[in-house]
Amino acid sequence: MQPVITVSRQLGSLGSYIAAAVAQELHLRYLDREILRRAADIAGYPDEDMIAHFEKKEQIPGLLGRILDILATIPPVPSVPSATLRETYNYDDRIAALMLSEHLTRDEAFERLQTELRRAEIATGYAEFVERVILEHAQAGQAMIVGRGGHIILREIPGVLHVQVIASEEVRSARLVQRMGLTPKEALQRVRQDDLGRARYMQHFHNVDWRDPVLYDLVINTDKVSVELATRLICQASQTLAQESAGDP
């Protein structure tokens with residue numbers, strides 16, 4: 001079997017650098033945002049707007065965020081008994097807003113709104129599109145699949161190496177301070193928010209604890225392990241696993 005590797009990483013763990021280095025070393029196709037691009041293509045809207053819809057579906061808010069999102073969709077209309085009237089008001093209001101902000105005719109605004117509603121409807125199938133893309137590339141082989149639950153989607157596929165790259169909060173925060181010019185407090189907050197977002201994503205779409213080491217074949221802590229050493233470890237592990245899976249001596 002040609003090498004297929006999934007990499008899950010914490011923000012500031014250098015996981016993306018490691019994944020890119022392994023992909024270059026083993027001549028693998030590096031798939032991160034490209035997964036969404038291919039998903040948009042399968043959905044029939046191969047453009048940045050559809051990708052943006054998929055990216056929005058990846059952001060899993062907490063309870064308060066979900067409540068605020070629901071409240072934000074309620075139009076400020078008079079209290080009337082007809083739900084149809086409220087829906088029509090909201091629809092016409094959105095068309096009027098598009099006409100004003102984009103300088104469109106009513107027909108153009110109507111068409112734009114229909115397209116946006118269709119994209120939003122398609123995006124509800126985000127998980128299925130992403131799974132289809134990941135399986136497609138895994139079957140083709142020679143793939144480095146970064147994030148998006150690839151290790152769960154491909155966990156029953158023999159010969160696929162699942163890697164998690166981690167580091168302590170302190171080390172990751174220090175890297176963000178150096179790389180992004182954040183204050184230590186800002187960096188620590190960014191790290192914790194990102195961890196929470198990844199945990200919510202895995203729980204929401206795959207019902208697993210993202211931190212569970214049993215989900216991975218190899219867990220690398222970059223507090224001490226360099227990008228170069230991590231790259232060598234992953235390359236060796238992937239090649240050996242692929243050989244064993246193929247039954248090579």
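Guide: Let's begin with Arg211, which is exposed in this predicted model, its relative accessible area being 58%. That counts as exposed because the cut-off is over 50%. Arg211 makes a salt bridge with Asp209, and their closest N and O atoms are 3.2 Å apart.

Now let's turn to helix H10. Here Arg198 pairs with Asp194 in a salt bridge whose closest N and O atoms lie 2.4 Å apart. Both residues belong to helix H10 and sit four residues apart, about one turn of the helix. Arg198 is partly exposed at 21% relative accessible area, and Asp194 is partly exposed too, at 23%.

Helix H10 has a part in another pair as well. Asp195 forms a salt bridge with Arg172, with 2.8 Å between the closest N and O atoms. This pair joins distant parts of the chain: Arg172 lies in helix H9 (residues 169-180) and Asp195 in helix H10 (residues 184-206), 23 residues apart. Why do we call Arg172 buried? Its relative accessibility is 2%, and buried means under 20%. Asp195, at 15% relative accessibility, counts as buried too.

Key: Residues numbered from 1 in each chain as written. Predicted model: local features only at pLDDT ≥ 70, side-chain atom pairs only at ≥ 80, totals over all residues. Heavy atoms only, no water. Salt bridge = Lys/Arg side-chain N within 4 Å of Asp/Glu carboxyl O. Helix = DSSP H or I, 4+ residues; strand = E, 2+ residues; numbered from the N terminus. Buried < 20%, exposed > 50% of the residue type's maximum accessible area, 1.4 Å probe, protein only.
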